[in-house]
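Welcome, and thanks for taking a look at this model. Please have the sequence and the structure open while you read the briefing below.

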Amino acid sequence: MAGNRKVPSAAGATGVDAFVREVEKLPANRTPGSRGRLLFAMDATASREPTWDHACAIQGEMFVAADTLGGLDVRLAFYRGFDEFKVSKWTSDGRELARLMSAVRCLAGRTQIAHVLRYAGEQRREGRLDAVVFVGDCCEEDVDSVGHEAGQLGLLGLPVFVFQEGDDRTASRLFPQIAKLTRGAYCRFDRSSPDQLRRLLGAVAAYAAGGRAALLKYGKDQGGAAALLTSQMK
C-alpha cells in the first residue's frame, strides 16, 4: 500500500492546503480527453440532516471547478433508514444534482459505508468511475469489514476523498484509514466553514476531471491559501 495519506484535521485554510497537497500527489486517474466521473456518496441518516442541507447549497463548486477541464459527471449515492441505499443517474448539471439532493430527507438508521465502497468497486471495474467523495460523521459497522472494502478500492486504483463532519471517535480513526487504503485523502470540516468544504470539493472535482495539472490550475485560480500552496510546489 501507499504511504500514509492522512491529512491533519483543521477547520481553516491550513487544513484545506494540506488536503489539496495530498490530492496533488495522486497520479492521473482517467483517460485523457474523457469526462471525469465522480461518485458523491453521503450519509443521510438522522444525525446528518443539518449537514445535508449545507452540502446541497455548496456542491455546485464541483462543476465550476471541472467545467473548463472537459467536464464532470456526478452520481449521487446515499444511505438512510432501514437498509436503504439509493443511487441517482449520472448528471453533469449542478442544478440537477442540487435538485436530487434537496429531494432527499434524512432518516434514522445505521451507517452503510461498506456498501458504498462495494458499489464504488463495481463501478470502477466497469471503467465508469474516477474518484469517490464520501461525507459522513460516524461509523456503526465492523471497521475491519469497511477496511477490507477500502483495500479492494486501493487495488483498483480508485481514490476515496473522505470528509468527516464532527469528531466521532470511531470515525476519526477509521476515515483516515479509508483514505490511506484507497490512496485518497481525508479532511475534517464543520458547518461553520462553508467555504472550506466548497474549496475541498472543487479540488477533488479538478483532480477527477483533469488530474494533477488541473488541480494546480485550480489552486492558482482560487487564490488565497490555495495559491500559496501551488507556489510551493515544484
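Which residues of α6 are buried? They are Val146, Gly147, Glu149, Ala150, Gly151, Leu153 and Gly154, where buried means under 20% relative accessible area, exposed over 50% and partly exposed in between, with a 1.4 Å probe and protein chains only. This is a predicted model, in which local features need pLDDT of at least 70, side-chain atom pairs count only at pLDDT 80 or more, and totals for chains, interfaces and linings use all residues. Residues are numbered from 1 along each chain as its sequence is written, and side-chain values use heavy atoms, with hydrogens and water left out.

**The chain as a whole**

- The secondary structure comes to nine helices and six strands; helices (H or I, at least four residues) and strands (E, at least two) are DSSP runs, numbered from the N terminus.
- The protein chain has 234 residues, and 57% of them count as buried.
- Taking contacts with a separation of 6 or more, 78% are between residues 24 or more positions apart; a contact means heavy atoms within 4.5 Å.

- Six strands form an open sheet with mixed pairing, in the order β3-β2-β1-β4-β5-β6; two strands pair if DSSP finds at least two bridges between them.
- β3 (84-87) and β6 stand at the edges with a single partner strand each, so one side of each has no neighbour in the sheet.
- On average, neighbouring strands of this sheet are turned by 15° against each other, direction ignored; the axes are lines fitted to C-alpha atoms, for helices over the stretch in contact, and angles run from 0 to 180 degrees between N-to-C directions.
- As background, strands of a sheet pair through backbone hydrogen bonds, either parallel or antiparallel.
- β4 and β5 run parallel and are joined by five bridges; Val133 has Phe161 in β5 as its bridge partner.
- β5 and β6 also run parallel, with five bridges joining them, and Glu165 has Phe189 in β6 as its bridge partner.
- Four of the five residues of β6 are buried, so β6 is largely enclosed by the rest of the structure.
- Arg188 is in strand β6 and counts as partly exposed because its relative accessibility is 23%.
- Arg188 and Val162 are 26 residues apart along the chain, and their C-alpha atoms are separated by 8.3 Å.

**The β2-β3 hairpin**

- Strand β2 (residues 72-80) pairs with β3 in the antiparallel sense over four bridges, and Tyr79 has Phe85 in β3 as its bridge partner.
- Three residues lie between the strands of this hairpin, and Gly81 takes a positive phi near 55°.
- Asp83 lies in the loop between β2 and β3, and its phi is near 60°, a positive value in a residue other than glycine.
- Asp83 is exposed, with a relative accessible area of 61%.

**Helix α6**

- α6 has 14 residues and reaches 20 Å from first C-alpha to last, close to the 20 Å expected at 1.5 Å a residue; the expected span is 1.5 Å times one less than the number of residues.
- The buried residues of α6 pack against α5, β5 and α7.
- Gly154 lies in α6 and is buried, with a relative accessible area of 6%.
- Not counting residues up to four places away in sequence, Gly154 touches Leu181, Thr182 and Arg183.
- Gly154 and Gly184 are 30 residues apart in sequence, yet 8.7 Å apart in space, C-alpha to C-alpha.
- Gly157 follows α6 and has a positive phi, near 75°.

**Helix α7**

- The end C-alpha atoms of α7 (residues 169-182) are 21 Å apart, which agrees with the 20 Å that its 14 residues should span at 1.5 Å a residue.
- Among the buried residues of α7 are Leu174, Phe175 and Ile178.
- The buried residues of α7 pack against α5 (113-125), β4 (131-136), α6 (143-156), β5 (160-165) and β6 (185-189).
- Arg183 lies in the loop between α7 and β6; its phi is near 60°, a positive value in a residue other than glycine.
- Arg183 is partly exposed, with a relative accessible area of 30%.
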